[in-house]
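Open the model in your viewer and keep the selection tool ready. The tour below goes stop by stop.

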Amino acid sequence: MGEFLSLLPPQAALETFLAAFSASLETETIPTEQSLGRVSATNIVAPHALPSFSRSTVDGYAVRAKDTHGASEGLPAFLKVVGEVQMGTQAEIPLGVGECAIIHTGGMLPADADAVVMVEQTQQASGNEIEVFKAAASGQNMLKAGEDVEADAQILAAGVTLRPAEIGGLMAMGVTTVTVTKRPTVGILSSGDEVIPPSQMIGPGQVRDINSYTLRALVEQHGGIANNYPIIPDNPDDFRNAATKALAENDVVIFTAGSSVSVRDLTAETIDNLGAPGVLVHGVNVRPGKPTILAVADGKPVIGLPGNPVSALVIANIFVTATIQKLSGLASTPLKAQIPAKLMLNLSSQSGREDWIAVKLTETPDGYIADPVFGKSNLIFTLTRAD
């Protein structure tokens with residue numbers, strides 16, 4: 001089949017690819033404490049208000065705010081202490097005019113109290129009286145019932161990645177299990193007569209397999225389950241059999257070599273014959289990574305990555321991560337962290353092409369400086385030296 005007849009910009013290629021397959025979201029229910037990084041499959045509403053009762057945010061005295069109006073160091077308000085709120089118990093201390101109750105951080109406010117005076121703004125007077133040196137406003141130093149979340153309000157939407165904050169919020173509501181989408185499985189195929197497992201000693205003309213392992217890490221980092229297959233020799237039958245097996249056993253298939261302009265290239269032909277509609281994109285206007293293949297075979301996404309390790313990681317960050325996100329049911333594309341930095345030298349790019357360049361960042365009083373780390377796309381330590 002013809003190659004690079006029409007190089008698509010990366011974004012156009014990605015949109016074409018993602019539109020060509022759908023996500024059949026299977027779900028499972030797991031303990032909330034084990035849900036870090038998983039994607040929620042359903043909307044969850046609050047079973048009760050949070051906080052479920054009005055409580056103090058400081059150590060001090062529960063008061064009726066109007067009893068402290070006008071209080072100052074020169075003219076303090078005098079309040080009678082009528083009790084102490086015990087932690088973890090119902091506050092059943094009635095407050096009358098000019099009365100207050102000792103309360104600790106997190107303690108439940110008595111029904112008649114509408115503010116808390118910090119202990120630092122008070123002084124013991126005589127007997128069971130205190131002097132208040134600063135007026136309190138209604139609602140001061142306290143959380144009202146339902147101030148965080150009201151009962152029956154939505155606390156988690158479907159399609160959200162669960163972070164520590166979401167897990168904590170669910171636990172605060174007593175939601176100890178959560179329904180999430182199943183993690184998509186990704187079959188990783190590496191090929192080449194010259195490629196050997198990392199555990200073997202290198203012979204003449206041989207290279208150790210890098211891509212299977214960098215891609216496995218990337219897949220798992222973004223929420224997928226990686227399945228690595230044995231290295232495929234450059235034989236059409238072996239190629240076809242391995243691809244067919246991986247497609248049957250996974251939600252996504254990635255080829256990590258064989259997508260360069262080579263007479264020995266079997267990837268494009270193999271992918272195109274896996275199932276309809278076949279290859280959608282063969283060539284992306286990006287450097288490194290131009291010889292990228294994007295295809296769909298019988299509803300499953302298939303990606304052919306360049307063989308060079310740097311190229312493979314750059315392209316995987318664009319296309320593989322987006323594929324996993326869609327198959328995981330993410331409702332929106334995650335934000336990517338960016339840092340403004342000044343390049344240490346000018347860089348040019350071919351018109352219409354998107355270039356990805358590794359840099360080392362150095363923080364200075366005037367901001368970050370980005371020092372390009374140059375290296376050919378088959379040199380993996382170019383990336384280890386970069387940020």
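## Stop 1

Select Lys342 and look across to β25, where Ile369 stands opposite. This is a predicted model.

Now widen the selection to the strands around that pair.

Select Val359 and find Pro372 opposite in β25. Then select Lys360, with Asp371 opposite in β25.

Look at the turn from β24 to β25. The two strands form a hairpin, with two residues between them.

Show the three strands together. They make an open sheet in the order β22-β25-β24, with mixed pairing. β22 and β24 are the edge strands, and each pairs on one side only. From one strand to the next, the twist averages 30 degrees.

A general point for viewing: strands of a sheet pair through backbone hydrogen bonds, in a parallel or an antiparallel way.

## Stop 2: a sheet of six strands

Move to another sheet. In what order do its six strands lie? The order is β7-β4-β6-β5-β9-β8. This sheet is open too, and its pairing is mixed. Select β7, residues 115-118, and β8 to find the edges. Each has a single partner strand, so one side of each is left without a neighbour in the sheet. Neighbouring strands here are turned by 40 degrees against each other on average, direction ignored.

Inside this sheet, pick strand β5, residues 77-84, and strand β9, residues 129-132. They run antiparallel, and four bridges join them. Click on Lys80 and look for Glu129 opposite in β9.

## Stop 3

Is Gln123 buried or partly exposed? Its relative accessibility is 42%, so Gln123 counts as partly exposed.

Show what surrounds Gln123. Beyond its neighbours within four places in sequence, Gln123 is in contact with Ile130, Glu131 and Phe133. Now draw a distance from Gln123 to Phe78. The two are 45 residues apart along the chain, and their C-alpha atoms are separated by 9.7 Å.

## Stop 4: Leu274, in a loop

Go to the loop between α5 (267-272) and β18 (277-282) and select Leu274. At 14% relative accessibility, Leu274 counts as buried, because buried means under 20%.

Which residues touch Leu274, leaving aside neighbours within four places in sequence? They are Ala243, Thr244, Leu247, Ala297, Asp298 and Val302. Take Ala243 from that list. Leu274 and Ala243 lie 31 residues apart in sequence, while their C-alpha atoms are 7.6 Å apart.

## Stop 5: Thr321, in a helix

Select helix α6, residues 309-327, and find Thr321 in it. Thr321 has a relative accessibility of 6%, so this residue counts as buried.

Show the side chain of Thr321. What lies 2.6 Å from a polar atom of this side chain? The backbone oxygen of Asn317 does.

## Stop 6: the whole chain

The protein chain has seven helices and 25 strands. Its C-alpha atoms fill a box of roughly 95 × 50 × 40 Å along the principal axes.

How does the radius of gyration of the protein chain compare with that of a compact globule? A compact globule of 387 residues would have a value near 21 Å, but the protein chain has 31 Å.

Buried residues make up 42% of the 387 residues. The chain exposes about 20,100 Å², and carbon and sulfur atoms supply 52% of that area.

End with the contacts. Of those in the protein chain with a separation of 6 or more, 70% are between residues 24 or more positions apart.

Key. Residues are numbered from 1 along each chain as its sequence is written. This is a predicted model: local features need pLDDT of at least 70, side-chain atom pairs count only at pLDDT 80 or more; totals for chains, interfaces and linings use all residues. Side-chain values use heavy atoms; hydrogens and water are left out. Two strands pair if DSSP finds at least two bridges between them. Buried means under 20% relative accessible area, exposed over 50%, partly exposed in between (1.4 Å probe, protein chains only). A polar contact is a pair of N or O atoms within 3.5 Å; within protein, one must be able to donate a hydrogen and the other to accept it, and residues adjacent in sequence count only if both atoms are side-chain atoms. Contact means heavy atoms within 4.5 Å. Axes are lines fitted to C-alpha atoms, for helices over the stretch in contact, and angles run from 0 to 180 degrees between N-to-C directions. The radius of gyration is taken over C-alpha atoms; the globule rule is 2.2 Å times the number of residues to the power 0.38. Accessible areas come from the Shrake-Rupley method with a 1.4 Å probe; for residues, only the protein chains shown count as cover.
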